[in-house]
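Q: I have a protein model open and would like to learn how to read its features one at a time. Could you take me through it?

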Amino acid sequence: MNKKTRSLIIALIVIILVAGTLMAYKIVTNKENDVEEISEEQTEENILTAGVEEKKVQIFNGNDRPIAVMIDNHNLAWPQAGLNKAYLVYEIVVEGGETRLMALFKGVDVDKIGPVRSARHYFLDYVMENDAIYAHFGWSPMAQSDIPKYSINNINGISESESTFWRVRDKSAPHNAVTSTEALLKVAKNKKYKTTSNKDSVLNYVTDEVILEEGQIANTVTIPHSTLQTVKYVYDEQNKVYKRYARGKAQTDWDTGNSVATKNIIITFCDNYTLNDSEEKGRQGLKNIGTFNGYYITNGKAIKIKCIKESRNLQTKYEDLDGNEINVNDGNTWINICPINAKVDIN
């Protein structure tokens, strides 16, 4: 190799080294700039979100297992205690045209609930779909049969001590037995019932306010469950809740005197019928398996919905007329189950 060729090779090597160094520097610089840009974006995002917590549903949260309590709804049982602290209340016809209530409590401390009355077998369907512990004071023959059949975790006041269910003096029997969440949880633990649950809510609660833009005006809602029991809800626009009336009388809390009120109302139309049970007291059954018409009512508006229950222990699905699950406002709900031919008035 002559001197000229050697010089040319050395020159080429120097050029390659310089070009490589420049390229490496450019890559490193670009990476540093990218990291700096990402860091700036993250800092800006952190500033924008600082102090802002993700909204969470308040009415149904945590893993406390719900407790369902049968509440007397005879006029001699009024006023009742604890209903405003229930996240969900079912109202269904029983014998004689009366209705009975089942109030569900979750993660709240309620020192007086009642008056507590006896179980009816079709309420078990709603106990199961909510994975609840069922508290009652006595039972009908079919409820007595179905509770062990479906392995319902139940607490029967008839067989419990006076520290769990006690009678008060300002009402007369059988409309004066009361209990508390603390007392019921104590018994549940003694019976080795599970007191936590990961089951999803039956209702699809959302944190953003649900406004039924396409719904009809619903400032008053009148539901005739029977010739004896007519319920009326009147919208309180200031507080965005419905105040409850029954048989023309305002419903109030036993101890506080506050109006019984609810954020949401669901109506399901399905028929009840008279049973031929061993006691022949005109007790009722409920045709609640299938698809039924209904309404969802909140914030002064109402929409028509479909209420779908495929079996006794499966959760009811509440859908709009397009088949979409309805969004429900984060607040307490009353579910009124009334006959198909009930002349419900919404205006």
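Q: Among contacts between residues at least 6 apart in sequence, what percentage join residues at least 24 apart?
A: In this model, which is predicted, 64% of the contacts between residues at least 6 apart in the protein chain join residues at least 24 apart.

Q: How many helices and strands does the protein chain have?
A: The secondary structure of the chain comes to 4 helices and 23 strands.

Q: How do I read the way in which β10 and β11 run and are joined?
A: A pairing is read from the bridges between two strands and from the direction in which they run. Here 5 bridges join β10, residues 220-224, to β11, residues 230-236, and the two strands run antiparallel.

Q: Which strand is joined to β11 by 6 bridges?
A: That strand is β12, residues 241-246, which runs antiparallel to β11. The two form a hairpin with 4 residues between them, and K240 in the turn has a positive phi of about 55 degrees.

Q: Where do the side chains point along a regular strand?
A: In a regular strand they alternate between the two faces of the sheet.

How values were computed
Residues numbered from 1 in each chain as written. Predicted model: local features only at pLDDT ≥ 70, side-chain atom pairs only at ≥ 80, totals over all residues. Heavy atoms only, no water. Contact = heavy atoms within 4.5 Å.
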